[in-house]
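This report covers a helix packing, a pocket and an aromatic pair. Please look over the sequence and the model before reading on.

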Amino acid sequence: MIRTQRLAAGVCALLAALTAGLAFPAGAVADETTALAPKVDLVLDVSGSMRTKDIDGGTRMAAAKQAFNEVLDATPENVLLGIRTLGADYPGDDQKTGCKDTAQLYPVGPLDRTEAKTAVATLSPTGWTPIGPALLKAADDLDGGSGSKRIVLISDGEDTCAPLDPCEVAREIAAKGIGLTIDTLGLVPNTKMRRQLSCIAEATGGTYTSVEHTEELTDKVNQLVDRAADPVVTPVATEGADSCSKAPALKSGLYTDREEFGQERWYRVDVNPGQELRASVSVAADRAMNPDYGVLLRAVTVHGREIVRGEAAGIGRTDVVSTGLRYPKAESDDDEAPAETVCLQVTNSYSPASGVKTTPGMPVELTVDVVASPSPASDVASFGLGRGWWLLGVLVLAGFLAGLIWGWLSRWRVAVWRTN
């Protein structure tokens, strides 16, 4: 009897141990999945100006609520989403108090659509526009985890809480290196607001969009939320050299570097026979520049002979200049033919405005893609006419037949005239 009890107790202990062993890994997997999940914080301006009726016959607030409801319905299951407001609670005139008016309406986490919609329905345009403080709090909302992080800011006016500059706040967030992107949407924007929202977005690699209709707002927010769920490609930091012989060897991928004014940077890529090199570069003007500038991307041999180039110029109306090139290497009859080393040279003609620091260099983003070279087009004919030969043949034949018919008709008419 005692043996039976001990055996039963041992079996129970074993089952408990197995249950615990199975439970803990499942919890660990769940925690890991949450840690990798993309996070989005929708930051909505609920200041008094949102009462204005100029979007599809209704108020800006009504348009934002409708867009939010549709976005909540379409949010992917794996996205952890939250909603933060600014200017939603304090209706007074004290700027110090008004500039603290930002609150988490719905916490970042697994989405309960009914609860989130109920929270959005309670919003009413109220007070100030503390964009800077709201961005700082939103960055805290997204803290933790290794998945992508995105703030979507929707506003109808510029920040009213100077001297805290929202653009500087965005730069501080970017400098933390937490991979957080801020996208901004302007409702019926003015020039000052456009400049401010553009600066906020560009500081973190985000986008600015002007929105004037409810449908546009819904589509754009949906697009940004979906983008957060896409896999994130993290650029690899590299350091170009001052000559090809010293340049780092790169494979297909996305790279970042820094380049000073008027400097050139070199990189190397190996291209096998039957492959095509596709490269592009973007140089960001992250400080005040003189107008009229350009970026040059060259592919050259190790002996200095230029193969192909791509170039782009600007006149001060854009903060990023991009260009690219393609180089297909022909197939070889020799199966053991060595790869060709192609040297990529990135040069810029930027010049800083008066009093602007020249260091560190400007951000450079280089994309390298080595793919199988496309097959020759089957419809390419001699002299570069391609399918033009077919058209030319058809036209000649049609002209010949038309001439025969016209000649026969003419002879018939002359014969009839003579007979009569």
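A helix crossing is called right-handed if the near helix is turned clockwise from the far one by less than a right angle, and left-handed if anticlockwise. The model is predicted. In it, the crossing of helix 2 and helix 8 is right-handed. Their axes lie 9 Å apart, at an angle of about 35°. Helix 2 spans residues 60-74. Its share of the contact is A63, A64, Q66, A67, E70, V71 and A74. Helix 8 brings T214, L217, T218, V221, N222, V225 and D226. By class, this contact has eight nonpolar, four polar and two charged residues.

Helix 8 also gives two or more residues to the lining of the largest pocket. That pocket holds about 2000 Å³ of space. Its lining counts 50 residues. Nearest the centre lie E202, A203, T204, G205 and E365. Other contributors of two or more residues include helix 6 (166-175), helix 7 (191-203) and strand 18 (362-372). The table gives the lining by class.

| Class | Lining of the largest pocket |
|---|---|
| Nonpolar | 24 residues |
| Polar | 13 residues |

How many aromatic pairs does a search of the whole structure find? The search finds one. Y293 and Y350 are stacked, 4.6 Å centre to centre, with 15° between the planes. Y293 lies in strand 14 and Y350 in the loop between strand 17 and strand 18, so the pair ties together parts 57 residues apart in sequence.

Notes
Residues numbered from 1 in each chain as written. Predicted model: local features only at pLDDT ≥ 70, side-chain atom pairs only at ≥ 80, totals over all residues. Heavy atoms only, no water. 1 Å grid on protein atoms, 1.4 Å probe; cavity = no way out; pocket = protein on both sides within 12 Å on 5 of 7 lines; lining within 4 Å. Points joined across faces, edges and corners; volume = space filled by probe spheres on them. Helix = DSSP H or I, 4+ residues; strand = E, 2+ residues; numbered from the N terminus. Nonpolar A, V, L, I, M, F, W, Y, C, P; charged D, E, K, R; others polar. Axes fitted to C-alpha atoms, helices over the stretch in contact; angles between N-to-C directions. Contact = heavy atoms within 4.5 Å. Phe/Tyr/Trp six-rings, centres within 6.5 Å; stacked < 30°, edge-to-face > 60°.
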